[in-house]
Amino acid sequence: MATKEEILFARRRRRNRHAIRKRANGRPRLSVFRSGKHIYAQVIDDRTGETRAAASTVEKGVRSAIGNGANIAAAEAVGKLVAERALKADVETVVFDRGGYIYHGRVKALAEAAREAGLKF
């Protein structure tokens, strides 16, 4: 059985995704998943259902450079990396999908690093 926190998180995620679909206008979304040890980011094109770019702290290059994948420095590295890969895949503007997470800490650091690296949202 799901806990109260899990139910509220799912409700926040559903509400956020609904708002994103309404204002996306065909733009891909930058989706963030945050776990206790790692952070993941994907640029997803919902029209075709394919992932255009992805990065995470699980990758060997990021893991060796950062070490701990559960801090703000790791989130910034993932944000820069996913922005570089998205720009290489000809994606310049996206809609930021924070999921059910609050725009704070690692999620905010990832978003700001992606903006600094050239992604527009």
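Helices (DSSP runs of H or I, at least four residues) and strands (DSSP runs of E, at least two residues) are numbered from the N terminus. The structure is a predicted model, in which local features need pLDDT of at least 70 and side-chain atom pairs count only at pLDDT 80 or more, while totals for chains, interfaces and linings use all residues. Residues are numbered from 1 along each chain as its sequence is written, and side-chain values use heavy atoms, with hydrogens and water left out.

Just after α4, Gly-118 takes a positive phi of about 120 degrees.

Most residues other than glycine have a negative phi. Asn-25, in the loop between α1 and β1, has a positive phi near 55 degrees although it is a residue other than glycine. Asn-25 is exposed, with a relative accessible area of 71%. Asp-90, in the loop between α3 and β4, is likewise not a glycine and has a positive phi of about 65 degrees. At 68% relative accessibility, Asp-90 also counts as exposed.

The next topic is charge. Side chains of opposite charge can pair when their charged atoms come close. A salt bridge is defined as a side-chain nitrogen of Lys or Arg within 4 Å of a carboxyl oxygen of Asp or Glu. The whole structure holds five salt bridges. One of them joins Asp-97 to Arg-17, with the closest N and O atoms 2.6 Å apart. Because Asp-97 belongs to strand β4 and Arg-17 to helix α1, this pair ties together parts that are 80 residues apart in sequence. Asp-97 is buried, with a relative accessible area of 0%, whereas Arg-17 is partly exposed at 21%.

Asp-46 and Arg-29 also meet in a salt bridge, at 2.9 Å from N to O. This pair links distant parts of the chain, 17 residues apart: Asp-46 is in the loop between β2 and β3 (50-56), and Arg-29 is in strand β1. Asp-46 is partly exposed at 41%, while Arg-29 is buried at 11%. A further salt bridge, at 2.7 Å from N to O, connects Asp-97 with Arg-29. That pair joins strand β4 to strand β1 across 68 residues. Through shared partners, the salt bridges join Arg-17, Arg-29, Asp-46 and Asp-97 into one network.

Strand β1 also contains Ser-31, which is buried with a relative accessible area of 11%. Leaving aside residues up to four places away in sequence, Ser-31 touches Arg-17, Tyr-40, Ala-41, Gln-42, Ile-44 and Asp-97; contact means heavy atoms within 4.5 Å.

Helix α1 (residues 4-23) includes Arg-12, which counts as partly exposed at 31% relative accessibility.

How values were computed. Buried < 20%, exposed > 50% of the residue type's maximum accessible area, 1.4 Å probe, protein only.
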